[in-house]
Structure formats: structure tokens, C-alpha cells
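Student: Please take a close look with me at one annotated part of this model. Then walk me on from there to the other parts, one step at a time.

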Amino acid sequence: MAPLSLFSLFPCFFLLLSPAISTNSEGNALHALRRRLSDPTNVLQSWDPTLVNPCTWFHVTCDSNNHVIRLDLGNSNMSGTLGPELSQLQHLQYLELYKNDIRGKIPKELGNLKDLVSLDMYGNRFEGEIPKSFAKLKSLRFLRLNNNKLTGSIPRELTTLSNLKIFDVSNNDLCGTIPVDGPFAMFSIQSFENNKRLNGPELKGLVPYDFGC
Amino acid sequence: MRAVTISLFGFLLVIAATIISFCDGNSNVLCIESERQALLKFKQHLIDRSNRLSSWVEGEDCCECLGVLCNNLTGHVKMLHLGLSSPYEDASYAEWDAYVGSKLGGEINPSLIELKHLSFLDLSNNDFGGLAIPEFIGSLKSLTYLNLSSTNFQTAIPYNLGNLSKLHYLDLGHNSFFEAKTLQWVSGLSSLQYLDLSDVDLSTATDWLQVTNKLPSLVELHLSDCYLNNNDPSSITVNYTSLAVLDLSSNMLSSIPTWIFSLRSLVSIDLNSNAVEGVIPNGFQNMSSLKFLDLSWNSFSPSSTLSWLSNLNQLQFLGLVYVGLKGNFSSAIGNLSSLTHLDVSRNGIDQEVSEIIESLSRCCLDGLESLNIASNKLSGHLPDQLGQFKNLAYLSLSGNSISGPIPFSIGKLSSLKFLYVAKNRLNATLPQSLGQLGNLEHLDVSNNMLEGNISEMFFSNLLRLTVFRASNNMLTFKPNPSWIPPFQWKSIGLGNWRLGPQFPQWLQCQRNMWWLDISHTGISGVIPTWFWNLSTSFEYLNLSHNQLVGEISYLPGSYVTDLSYNLFTGPLPRASSDLNFLFLSKNLFSGSLSNFLCNSSTKPEALGFLDIESNLLSGEIPDCWENQRMLEVLNLGNNSLTGKMPRSLGSLRNIISLNLRKNNLFGEVPSILQHLANLLILDLSENQLTGSIPAWIGDKLLSLVVLNLRSNKFQAYIPDQICALNSLQFLDLGYNNISGAIPKCFCNLSAMATIRHYGFLAGFGVAVGPGNIFYLGALLVMRGREDEYSTTLRLVTGIDLSVNSLTGEIPKELGNLKELRSLNLSGNLLTGQIPENIGNLEVLESLDLSTNRLHGEIPSSFSNLNFLNHFNVSYNNLTGKIPLGTQLQSFDKFSYIGNLLCGPPITKNCSSDGETPDVTNGGSSEGRHRSKVNWLYVSMVAGFVMGFWGVVAPLFFIRSWRFAYYKKLDHIGDKLYVFWATIGIRIWKWYSML
């Protein structure tokens, strides 16, 4: 006799331990991100890897083709690091990770996110250099990396980002000089302040841009 | 893991077996006539549905009858073996049915008293339907063995059983006796060696310890599930002179009775499933005779240490399931040199699996027979060493994070019968060596990342395999069509494998299948007729997510059948009457529902789950739902059903999810639906329903989590009663003709106001067969798109009142719904200002207030909405500056147009004097004062620096020329360069700080 008592409804609080079900590379990339992050306030609890795509996950926005276009995780009390897998979010336009406690290097692979409009990583503990690969982000309008522990010089390659409207690297530990070409002609000095070793605007042909680094 | 218990009563069975063979060899001793008559009379009063006692007939020698054993010299009936043994837990329902069917019933006739020499009576596992144990049993004075366990006897235990002073063995366990007030009668059983009173309520029989303690020969005591607590009279000195086996499992002990630790002769202690708290006591360390110890399923504190294990070098069985173990376990294994069975599943053991295998190989390489570490946090790879456990018969490592390949050495585990490594991250392919395990009966590798081609050869030696679960891997299996499998599998899980496009022909030879999952395997075409004619009875059949076509006339499966996501056509198939779960969604079934549901001879009768969503069903919804009282989930969404909602839907009193969305239903919602008090999800969206939104929804359907009436023709006001739905998480009344104001009492929708934290998954799960959970789904419009939410449904919160004729202001009370993730009030006639406290809805992801008549400014509090990813306030009368915030500026101008707003992202400047808006400040430096740099000064200083460097520049050239020309100036030049360069930069910095 079939045990009909199994019809009973029950709350399911258990952790699903099989990560391999999702066939969706974007979902896998986000799941990999989730594994790298510590999430004490359960912001990511809707990120169920067994779903066909991540479009019903909160803080993830998809377009009509179910490609992830936004990741909004600003001010989420998260710590941990980022990994190269984020570059699999090929259609990502907004990557909002500001005001968390994420550390480590900014993955250079983020430079492959061709559609990225906004990259906000301010208010974390990122270290290392600003990846030169960001010069490939031709759609980028907002690049806020302020209030981190970034070192090295500002890559000159970023001057080719003609759509860049907002650029902020203040409160880091950058060195060298400030680019003056392209969109950098219009950024205010506040975007660069509090970098003890950053030595003023570039004087091309006179001082190497990484002077003092 | 199968229960392994140590019983010292094996010898009784040996004696029985000896007698059987003895008896058979001396069949010339006939049974005594009076005893034969007594047995026949006994049989007459029994109900024997399966005709087990067919050999008990007049004229036959009763000593030859099944289950009867006589003394070979006297011919007296000595033993009655009429007990049954129950099937294993993993037996199919058919096996269980056979077992249940062969139970004897009826009544036990006192004629048995005639059997004066009866010493052995076993009636276990029969079903005497709630009768009392007959009093005369207490008069069978010769009995030494009495087993009435699991026989469904009820009422009280007759005290006169205490007269059976010769009894060695008494098992009355697992019946439904009334609460026993005393066990005093047991004290008469002075010869008793074995006593089992499991399932007898002894909560008030406080003398149980005193009485059993005085039985001089007692060796085994089983008091499982007896509601024992720790209220023993503490004055008793417990000595149990000969007790070896103590089973107090499944009681209510909150601590381990300390007298246990004084019983140094104990060989076996079972305390599993009590409510013991605190750390695991050290007392066990002195019980060096222990061979069996089960402390599983207690509430020990995670700070328990296992150092006490180090003395127990006789221990063979150790059960520590779900006792909160954390971190490292391998160090505790230490000296357990006799260990044969270890179960530490469902803990938080967090280390490399190879470390545990290494420890076990040092202590018990040759002895270990059973190892269960499932559902822990093991990581790393499976070591080659695993192959050295020659006697391992049971291995479960499921539900960990073990990665890498299954080692080739697994093929050396020649004793292995059960291998479970599901839900890990194993990769590579199934090693050929695994196919050499000729004793393997169960293999579960499902939910891993295995890949590659499996050939027929792989299975050629797995002749004993009956359960093969391997779903959700990336494996391929395309045997030669003429291949005849050498095995008979009962349970086959190949979901997500590549099997197609041909329907697997080899299944034709499988006669014992009852569980089959070949979903999502790329098979297409018509299901061959032989498949439906297989004599096998499917209890779980999953053919979903393929490209199967054609009509189906009859579904033979019982319990679960899933044909969803295929291309089946024609009328709905007739279903077997005992089908419980039927999934036919996303197919091309057409025609009406009434034949399927209302035909009195063929209608399904046990449906709990009926999902026919997204087919081509037409006609009216038939009015015969009173036949389907067990229905819990009904999904008829996305068909072409028409007419009014039938009144008999109101008889679905158990229903928890009713989905009729996207049909052509019209008329009002019948008020009889107010009886569906268990409803969690009610989705009537996208129909032509009219009338007002029923107020009884708020009065009666108090469990509602999702109420979706979107896209109908409902009118009038939103009834205040809706606010009483304090479980409601999602309310969609969008696209109707609703007028009036938004009720202020929405702030009482407390499920949208309180934070809920679940692990994940956070859905409403319904068990569909063992270990298989179906999550109730709801198709919801959120964040501007329609998605199905299921495993995360408990996390979804939203209100959608869009495109109605709502008037008045947005109630500021909405700001109390702190867990609201989505709010859509667009397309109404709302007036007034946007309440400032909407900006307090910290988890809000989607906010649409567009196309209303709102005025005033966008509240500055909106800058706090960190998670906003969908935002629209266009086409209102909003004025002023768009507040700054990383999120707010990330939306394009279309989120803001049709207002009198200014500032980024729209191009209109905010100040009248034409000052360039300072986009650079964005949201990144919120709160920081705005830049006041005067670019005139900046260019002045740039000019100064340029000129200055014009002077210094030659020094650079001097530096580069120095090797050729001014070797002598070299030193001075360098110094000058550094000096000037430093000064220059300092001046610049100094200036820039102004």
C-alpha cells in the first residue's frame, strides 16, 4: 500500500549539497561566487543552484533571454574574495559589490565583461593593482574603486574608455601620476585624493607615469 | 544503514533449525489426534488470506504441517512457527503488499490449550486487528518461548502471563497496548533471559527498573519506545547480575542514567533517539566489554569529546548519527581495533576523507564491514587505500563535498554490497574496476559530475546489482540494440544521462523494475508498446523532459508517474486507480477533462497531485471533484478551459495549491471555495473572472501565501479583510478594474514585514516518494518579468496592484513592510507625495510607481535602497533633483521621464544658472561635500608647472646625455633632478589642496 502520509507538507530548511545540477554557466559562475563569499546576513539564501537559471535569485537581474545583466550586492555585509569565474557573466552590465568586506585582488578577467556599464567595488578591502584589462570595458560609464587598498599606478590604458563618466579611486594606496587624456580630462581631484604616493597629473614625455611607484 | 544488533539468542534459532531437520527425517511419528483437532480448530478461527496454512487439512499428519514441529519421540506438538519476517526497508511496495497480504488475522482460539507440551509459540508480525492477548496464553505452562511482537494486539497485557514461569524468551514488543501502570507481573518470570516490551507505554510504570533488576537470569532487556524518562526512584541499587544487552532506544531520557555505567558486564547499549543533552559522558570509558554502542539521534552538545572511545577496544558497532560532531573525527578512531560497523552520518565532520580512511586502515582494516559517513563536510579525494578494506560490505559517503575520481582500487572491495556516494563532486568516469564488484547490490552515484561513456561491458559482472541510481551526471550509455542485460534491476536512475534518441530497448528484459528515472535523456519518438505491457508495476516512473510523442491510453504506474515536458498528444490517458502523483504538464494533451475525471469506472481515486498545466485542454472544468478528496495540488493552468469555476472544487478540503491561471474562466469565484482552508497558493490569474474580490478570502483562507488574481475583470474595492492574511507573502491584483484606495491596513500583512531566515532551500516541499521532494511552484510577476518561484518561494515577498483605478495617496504604512522585495503600484490614479519611508524598505529590489499622479520630490531616503535593480517613477508630476545613489543613477532616463525632475541620469540640469551638473560625485562619495575645484586655477597651476618643467627639462636631457658628454656633471645632475622634481611635485600638491 502506498504510504499516503507522505503527502504531508513540511518546511525544508536543509542545505542542498549537490551543486552540479545547474547546467547554466552563468548560474555556475554565481554559485562559485557564493562559495567564495561569507554571507552572515543570508543575503544570498535564494541562490539555489538547482534551478535552471539564476533569474529568480534575488539580487540577480536577467534580461529577456535569461542572461544575467545585474548583480546588486552593495552593502550586504559580505566578506571573502572574487574569482575569475565572474567573467562568465558575459552579459553583465552592472556589478555592484560596494561597501562590503571583500578582499584580495580584483580579478583581471573582469575585463572580459564587454557589456559592463557600472563596476562599483568601492568600500571593500581589495588590494593589488587596477587590472589593465579594464581598458577592454568599452561600455563602462561608472568605475568606482575608492576606499580599498589598491596599489600600483593607474593603468594608462583606461584613457581609452571614452564612455567613462565617473571614475573614483580615492582612498587607496596608488602611486605614479594621474592620466590626463580621454575621459580623465574631466574627473575632479576628489576622485584621486588620499593616495599618498599619487603624484599629480601626468606630464607626458617628462615624467614616467609610474614615477614614484 | 541496516540495523545491526547483537543478540545472544541466536542459539534458539540453531535449536529450532536442528529440530526441523530432525523432524523431517522422522516423519513416521504421527501427531496426536487431539492435538490435530486443536490445530484445525485454531486454524478455523484464523483469517488466512494468502492461504499460508493450506497444508493444515483434515487427515494429514499435523507434524508435517507448515510451521508445526513435534517431539520426534512422543509426537506432541512442541513448536508453532507462525511468525513472519518483515521485508527490508528498501523493498518495493509490491513486496510490502505481499508481506502485508500474508499476515494471519482473526482470533486465537483457546483450543491451543490442548497442546500441553507446546514450548515455543511465535505469532510475530501477524495482525490480530486490535484484539486483546487471550487470557488462556497465560495457561500454556510449558512455554519457554513466546513471541507476540508486532501482532497488533491491543488493550492491556494480561497479568497472568506472569504465571509462565518456564519462559526464557518473551517478546511483546511493537503492539498497541494501553499504558502499563506496573510491571509487577514480570517478577513471576523467574527463568526469563530475554524480555522485549518495546512500544509499551511505561511512563507511569515506575517499577520497571526494580522488577527487571530482580530477574536473576535476564540477559537481554529491550525497552525501546516505552516513554521512559529519567524519573527512576533513585534509591534502587541496580546490579542486573547477568544483563548483557540493554536497549533503551527511542525513549525520552534527557540524561544517560548513571546506573548504566556500573554495569560493567554490558556488551550492548542502545540509547539512540532519546533527548539526551550535554556532552557525551566519559562513563563509557570503563565499560571495556562493550561491543555495541549506539548514541545516535540525541542532542549532545557540539563540545563533546570522544576521548572515552580510546578504551573500548572490544567495540564492534559504534553509532553516532546526528549527535553534533564537529571538525576532526579521525583522531577519535584510535584504538577501536575490533570495529566492524561505524555510523557517524549526519554530523559536521569537516576534514579530508583520506584522513578518516587512513585512521580506519590503521585500526580496523580487516574487520570493517560497514562504514557510514554520509551527510558531513568531508572534502578532498577518495584515497586508493579505500581498496584495502577487504570485508567492507556497506559504504556510504553521500552528501559530502568529496571531489576527484572514484579510485580504481574500489574494484578490490570484493565484499562490497552497498555503495552510496551520491551528492558529492566526483568527476571523471565510473572506473571499469567498479564493474568487477560481483557482490554489489546497490550502487548510488547520483548527483555528481561524472562523465564519459559507459559500455555494456561495464555491467557484465554486476550480476547482483538491483539498485542502480546514477541520475544527474553527464554520462552516456548507448548499448547495442540487441544487448540483453545480464541483470534484473529493480530501481534504475539514469536521469540526465545521454540515452537517446532511441527508447532504451534493453529495458524490455527488466522484469522487476519498480523505480525508473530516464528523464532528460534525449529520447524521442513513440514509446514502444512493450513498455506499457511490461508486467512490472512502476511505483515511480519518470519519463519527463524528453521528446516523446504519440497518444497514451493507459498509465499503469502506481504512486508517481511523471510524463511532463514531452510532446504527447491525444486525450488524457486513463490512470491506474492507485496513482497518487501525476505530472502531465507541458505536453499537447487535448480534449476535455471530464472523461478522465468523472467516468465512474476509470476515474483515478487516490490522486494527491494532478499537474496538467500547459496542455491543450478545452471545454469546461467538470463538476465531479467530490471524487478527489485527497487532492492536495491541482494545476490546470495555461489551457483553454472555459466556463465557470465548478462548485465541487469546494470539496477539495485538502488542497494546498490551486492553479487555474491562463484559461478562459468567467463568472464569479464561487463562495464555496472558502472551505479550502489549507490553501497556500491560489492562482486564478489571466482569466475573465468578474465580481468583487471576495472578502471571505481574508476571513477563511488564512494560510494563503500567494494570492494571484492578476489580469481578470475584478472590480470594486480591495476588501480590508485581505489584511488578515498574515501568512500572505505575495499579493497580485494587477490588471483588474479595482477602484478605491489602497487599504492602510496592508501594514498588518506581517509575513511581508518580518525577516525569515531559512537555510536553503526555502520552498514548500511535498514528498513525492522517498527522498524525492517536489516544491510547490508559483508563476509570479516580479522585477518586470514573470518567473516560476519554487525552492525559494518562502523568500518571495511582493505587492502588485498595477493597472487598476486606485485613487488616493500611497499609504505611508507600506513603509512598515520591511521585507518587501517588490512593489508595483504603476498605472493607477494615485495622488499625493511618495512616502519618505518607502526608502526604509531595505530589501526592496523592484519599485514601480510609474504612470500615476504623484507629485513632490523623490524622497532622499531612496538613496539607501542598495538592492534596487528595477525602478520606475516615470510619468508622474514629480519635481526636484533626483537623489544621488549608486543604484538610483544606474537606471537610465526612461525610469524618470515624464516628470519635472533634474540631475543625472537625465540630462536636464538642476540649477537655473546653467552650472554643469557634477556627475563625478555620483553616489560613490555620498555625504562628501561636493567638488568646488575651480578649473581656472587648475589650468593656471598646470601652466605654471609646465613652464617650470620647461626649465627643468634640459636636465633630463643632460641625464640621458651624460654618458657621452658630461660624465663629470653626472653626479650633480642627478642630484639636481631629484631635488627639482621633488620640489615641483610638492608645490603642485600643496596647490591642489587649496
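Tutor: Let's start with residues 33-71 of chain B, which an unreviewed UniProt entry annotates as "domain: Leucine-rich repeat-containing N-terminal plant-type". Over residues 33-71 of chain B, the chain is 31% helix and 13% strand, and the end C-alpha atoms lie 14 Å apart. Helices (H or I, at least four residues) and strands (E, at least two) are DSSP runs, numbered from the N terminus.

A word on what you are viewing: this is a predicted model, where local features need pLDDT of at least 70 and side-chain atom pairs count only at pLDDT 80 or more, while totals for chains, interfaces and linings use all residues; side-chain values use heavy atoms, with hydrogens and water left out. Residues are numbered from 1 along each chain as its sequence is written, and chains are lettered from A and ligands numbered from 1 in the order in which they are written.

Now for some strands of chain B. Strand β2 (residues 68-70) pairs with strand β3 (residues 77-81) in the antiparallel sense, over three bridges; two strands count as paired if DSSP finds at least two bridges between them. In this pairing, B:Val68 has B:Leu80 of β3(B) as its bridge partner. β2(B) and β3(B) make a hairpin with six residues between them, and B:Gly75 in the turn has a positive phi of about 80 degrees. β3(B) is also joined to strand β5 (residues 120-122) of chain B by three bridges, and these two run parallel. There, B:His81 stands opposite B:Asp122 in β5(B).

Further along chain B, an open sheet of eight strands has the order β30-β32-β35-β38-β40-β42-β44-β46, with parallel pairing. Its edges are β30 (524-526) and β46 (688-689), each with a single partner strand, so one side of each is left without a neighbour in the sheet. Strand β44 (residues 664-667) pairs with β46(B) over two bridges in the parallel sense, and B:Gly667 stands opposite B:Leu689 in β46(B).

Next come the nonpolar cores, meaning sets of buried Ala, Val, Leu, Ile, Met, Phe, Trp, Tyr and Cys residues joined through side-chain atoms within 4.5 Å. The largest one has 250 residues, of which B:Trp208, B:Phe284, B:Leu360, B:Phe531 and B:Phe746 touch the most other members. Helix α6 (residues 353-364) of chain B gives the most to this core, with six residues. Apart from it lies another core of 50 residues, among them A:Leu92, A:Ile154, A:Ile178 and B:Phe867. Leaving aside neighbours within four places in sequence, B:Phe284 is in contact (heavy atoms within 4.5 Å) with residues including B:Ile256, B:Phe261, B:Trp308 and B:Leu312.

Two threonines in loops of chain B are worth a look. B:Thr791 lies in the loop between β54 (785-789) and β55 (798-800). B:Thr791 is buried, with a relative accessible area of 5%; buried means under 20%, exposed over 50%, and partly exposed in between (1.4 Å probe, protein chains only). The side chains of B:Thr791 and A:Asp48 are joined by a polar contact of 2.4 Å. A polar contact is a pair of N or O atoms within 3.5 Å; within protein, one must be able to donate a hydrogen and the other to accept it, and residues adjacent in sequence count only if both atoms are side-chain atoms. B:Thr831 sits in the loop between β57 (822-824) and β58 (846-848), and B:Thr831 is partly exposed, at 33% relative accessible area.

Finally, let's turn to chain A. Its secondary structure comes to one helix and 14 strands, and 58% of its 213 residues count as buried. Residues 24-63 of chain A carry the UniProt annotation "domain: Leucine-rich repeat-containing N-terminal plant-type", from an unreviewed entry. Over residues 24-63 of chain A, the chain is 30% helix and 12% strand, with end C-alpha atoms 15 Å apart. For residues 71-171 of chain A, UniProt lists "domain: Disease resistance R13L4/SHOC-2-like LRR" (unreviewed entry); over that stretch the chain is 0% helix and 30% strand.

Definitions and conventions. UniProt positions are given in the numbering used here, feature names are shortened, and annotations may be inferred rather than shown by experiment.
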